[in-house]
Amino acid sequence: MALNPISTYRLQFQKEFTFEDFERIIPYLQKLGVSTIYASPVFEAMPGSTHGYDALNPHRINPEIGTEDQLKDLSRKLKEEGIGWMQDIVPNHMAFSPDNPWLMDVLEKGPLSFYASFFDTALTSELYKGRLMVPFLAGSQEEIIENGELKLEYKKGRFFFNYFDALYPLIPGSYLKILRYKVKKPSESLNRLTSQMQQIHQIEDAAMYADSWNEFLLQ
């Protein structure tokens, strides 16, 4: 059906207004003479998002508002009633949050992340000097460390910086330094692990690097 937005009705989906809520007001919109629905972003966003512009996963419908099957059912019903659907999307940014798995993968693996090219960072420019600067500290690094606000945490097989319960991944190359610092008398098993890590860090292919690193963490 060709989209002819003569009379549009803007919908702001969130956990307080879901696909199910929208379905209930379709008869009302028909009486108003609405020809096109203008929908806010529907992809997975930060928990509790009231707008959907803080996206986390563009491949999944936000579970707080409904499911893909519900969206398809709504689409069929609207077509039957001659109502079009104009979708607002978020193609140019995502939420800066530890809840964003793509971003966290970039912070962990740097240029070897599968998602490195997805973000506009120094990784994709001549400015990259081997490190990314992430502005999440509320003071100088020295002050934060001295105050005990930044802590090293091991969780789900990975090392993180814990900053007020927000977890940021450490780069794989730092694991060797941590283990050597923590373990004063290396055992044969530890030497084997460090040898494996050194081999993994020699890999230059992003997909192979990610597979090898994830496989290593499962040991």
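Lys72 and Glu68 sit four residues apart in helix H3, so about one helical turn separates them. Their side chains meet in a salt bridge, with 3.5 Å from N to O. This is a predicted model, so a bit of bookkeeping first: local features need pLDDT of at least 70, side-chain atom pairs count only at pLDDT 80 or more, and totals for chains, interfaces and linings use all residues. Residues are numbered from 1 along each chain as its sequence is written, and side-chain values use heavy atoms, with hydrogens and water left out.

**Salt bridges**

- A search of the whole structure turns up ten salt bridges, a salt bridge being a side-chain nitrogen of Lys or Arg within 4 Å of a carboxyl oxygen of Asp or Glu.
- Lys77 forms a salt bridge with Glu23, and the closest N and O atoms are 1.9 Å apart.
- That pair ties together distant parts of the chain, with Lys77 in helix H3 (residues 68-80) and Glu23 in helix H1, 54 residues apart.
- Lys77 is partly exposed, with a relative accessible area of 35%, and Glu23 is partly exposed at 33%.
- Helices here are DSSP runs (H or I, at least four residues), as are strands (E, at least two), and both are numbered from the N terminus.

- Glu108 has its place in helix H4 and is buried, with a relative accessible area of 4%.
- The side chains of Glu108 and Lys109 meet in a salt bridge of 2.8 Å, N to O.
- Lys109 counts as buried as well, at 7% relative accessibility.
- Salt bridges with shared partners join Asp105, Glu108, Lys109 and Arg158 into one network.
- The side chain of Glu108 also makes a polar contact of 2.8 Å with the side chain of Arg158.
- A polar contact is a pair of N or O atoms within 3.5 Å; within protein, one must be able to donate a hydrogen and the other to accept it, and residues adjacent in sequence count only if both atoms are side-chain atoms.

**Asp21 in helix H1**

- Asp21 belongs to helix H1 (residues 19-24) and is buried, at a relative accessible area of 17%.
- A polar atom of the Asp21 side chain lies 2.8 Å from the backbone nitrogen of Thr18.
- The side chains of Asp21 and Arg24 are joined by a polar contact of 2.4 Å.

**Two open sheets**

- Angles run from 0 to 180 degrees between N-to-C directions, and the axes are lines fitted to C-alpha atoms, for helices over the stretch in contact.
- E1 and strand E2 (residues 36-39) pair in the parallel sense over four bridges, and Thr8 stands opposite Thr36 in E2.
- Another open sheet has three strands in the order E6-E7-E8, with antiparallel pairing.
- Here the edge strands are E6 (150-155) and E8 (166-169), each pairing on one side only.
- The twist averages 40° from one strand to the next.
- E6 and strand E7 (residues 158-163) pair in the antiparallel sense over six bridges, and Glu153 has Phe160 in E7 as its bridge partner.

**The largest pocket**

- The largest pocket has a volume of about 1200 Å³.
- Of the 32 residues lining the largest pocket, the closest to its centre are Leu107, Arg131, Leu132, Phe161 and Ile171.
- Helix H4 (101-109), helix H5 (141-146), E8 and helix H6 (173-182) are the elements that give two or more residues to the lining.
- H6 supplies the largest share of the lining, five residues.
- On a 1 Å grid over the protein atoms alone, a pocket is an open set of points where a 1.4 Å probe fits, with protein on both sides within 12 Å along at least five of seven lines, and lining residues have an atom within 4 Å of a point.
- Grid points are joined across faces, edges and corners, and a volume is the space filled by probe spheres set on the points.

How values were computed. Buried means under 20% relative accessible area, exposed over 50%, partly exposed in between (1.4 Å probe, protein chains only). Two strands pair if DSSP finds at least two bridges between them.
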